[in-house]
Amino acid sequence: MNTPLFIAKRIIFNGSEHGRISRPIVKIAIWGIALGMAVMIITLGVVNGFQKEIREKVVGFGAHIQVTNYDSNNSLEPAAITHNKELVDKISKITGVAHIQRYAIKAGIIRTDDDLLGVVLKGIGSDFNWNFFAKNIVQGTRFTVSDSGMSNKILISRYIASKLKLHVGDKFKMYFIQDRQQRQRAFRICGIYETGLEGFDNVMVFADIAHVQKLNNWDTTQLAGYEVLLDNFKKMDPICTRIKDELVRLYPDSLGRSDSTITPALQARTIRELNPQLFNWLDFTDTNAEIIIFLMLFVAVINMTSALLILILERTNMIGLLKAMGATNQNVRHIFLYNAAWLIGQGLLIGNAIGIGISLLQQQTHFLKLDQESYYVPWVPIHLDVLEIIGINALTLGICLLVLLIPSLIISRITPVKAIRFS
């Protein structure tokens, strides 16, 4: 029989007649752990929610990885590459790649009767993945791209529509400069989207890729690049490395060459490399979460240390009797550590109920609102990770029990004679 565990159970479940001093302190310790755990769960949920929402929006505009001409960089007039089916097939076969699509971009100006606005026209093909924009179209609908014809339909943002007083079904002209000549294209608005990312919503419009190809004097096989969508954001860096390896194998002689007869070198860049400031801001939220978790753990440790000290001092007589009956310091220490583990477990259970409950309520009702212009989302996003919740519970329990070994050392200083006199 585990004697320390048996005695600890007796103290826990049959100690109502004792503990007049320790009872309120123990309750404070339990609720301190509970509130700390609730704050940690909500903090992790909010940080994960923000990162997930912002990442999905940025990826929705530019995919996880872009394959472009090596000379293009972030230019709004990128150099063309020629469609390579072998490259597309090889990238598609990489584990973790969910989809690959063509795109082209060109800067232009929307002009109406009363106003004008500079924008970036993103040309998309029949292979475009509409999943992201299907969730963010607030008026109208998306358009269909056909390889056999050219569509004059266009998708614009709510900001652009409001700025230029445009509505679904309206027509307007866009003006472009190509080879020092002005060109124009007429479009009809089929839908209006809103994502909350001002840096993209304020400038991006979407139309048939054939328009960009004709404006740039490209043939139907030429494009600005490929966008590669993945099934997991965490796989982005290793998959990008794999794609770079494939590019080197397919174009070994083109690197550093400017000869037009050589297929231009291609490069693969992640969305993090293309938008470093935004992702650095998201990484900073991890630091905030770590600080909050550290503070909550510190409070939990202080509360449990105080409670254990009171429990030990209050039961000095029992400690002396157990030692007089032959119990070792380690046996007595285990009794109080079992007791502390039970109290910590109560706090963790209550804290998980509060934290997960509030998080689920926010997920369903969105009762906590935000200014979308400042935070990119209209409400506080929550994303709960089961493994993270289990990990933070295990970390709290482990750290508290480890630190509680220090006050439990007081037991070794209690002798039977002193304990009896103390009683």
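Trainee: How confident is the predictor in the protein chain?

Mentor: This is a predicted model. The protein chain averages a pLDDT of 87. Of the residues, 91% score at least 70.

Trainee: Where is the pLDDT below 50?

Mentor: Over residues 254–262. That stretch still has seven contacts in the model beyond near neighbours in sequence.

Trainee: Why is Cys 190 called buried?

Mentor: Buried means under 20% relative accessible area. Cys 190 has 10%, so Cys 190 is buried.

Trainee: And what makes Cys 240 buried?

Mentor: The relative accessible area of Cys 240 is 3%. The cut-off is under 20%, so Cys 240 counts as buried.

Trainee: Why is Ile 25 called partly exposed?

Mentor: Its relative accessible area is 26%. Buried would be under 20% and exposed over 50%. The value for Ile 25 lies in between, so Ile 25 is partly exposed.

Trainee: Where does Ile 25 sit, and which residues does Ile 25 contact?

Mentor: Ile 25 belongs to helix H2. Leaving aside neighbours within four places in sequence, Ile 25 contacts Ala 307 and Ile 310. Ile 25 and Tyr 226 are 63 Å apart in space, C-alpha to C-alpha, and 201 residues apart in sequence.

Trainee: Which residues have the most contacts inside the largest nonpolar core?

Mentor: Ile 154, Ile 156, Met 174 and Ile 243. The core has 75 residues. Strand E3, residues 97–111, gives the most to this core, with six residues.

Trainee: What does Ile 243 touch?

Mentor: Ile 65, Val 67, Ile 91, Ile 94, Val 228 and Ala 268. That leaves out residues up to four places away in sequence.

Trainee: Which residues does the second core include?

Mentor: Ile 319, Leu 322, Ile 344 and Ile 392 are included. This separate core has 36 residues.

Trainee: What volume does the largest pocket have, and which residues lie nearest its centre?

Mentor: The volume is about 1400 Å³. Lining the pocket are 49 residues, of which Lys 52, Glu 53, Arg 55, Glu 56 and Lys 57 lie nearest the centre.

Trainee: Which element gives the largest share of that lining?

Mentor: H2, with 10 residues. Elements that give two or more residues also include E3, helix H10 (276–314) and helix H12 (329–365).

Terms used:
Residues numbered from 1 in each chain as written. Predicted model: local features only at pLDDT ≥ 70, side-chain atom pairs only at ≥ 80, totals over all residues. Heavy atoms only, no water. pLDDT = per-residue confidence, 0-100. Contact = heavy atoms within 4.5 Å. Core = buried A, V, L, I, M, F, W, Y, C linked by side-chain atoms within 4.5 Å. Buried < 20%, exposed > 50% of the residue type's maximum accessible area, 1.4 Å probe, protein only. Helix = DSSP H or I, 4+ residues; strand = E, 2+ residues; numbered from the N terminus. 1 Å grid on protein atoms, 1.4 Å probe; cavity = no way out; pocket = protein on both sides within 12 Å on 5 of 7 lines; lining within 4 Å. Points joined across faces, edges and corners; volume = space filled by probe spheres on them.
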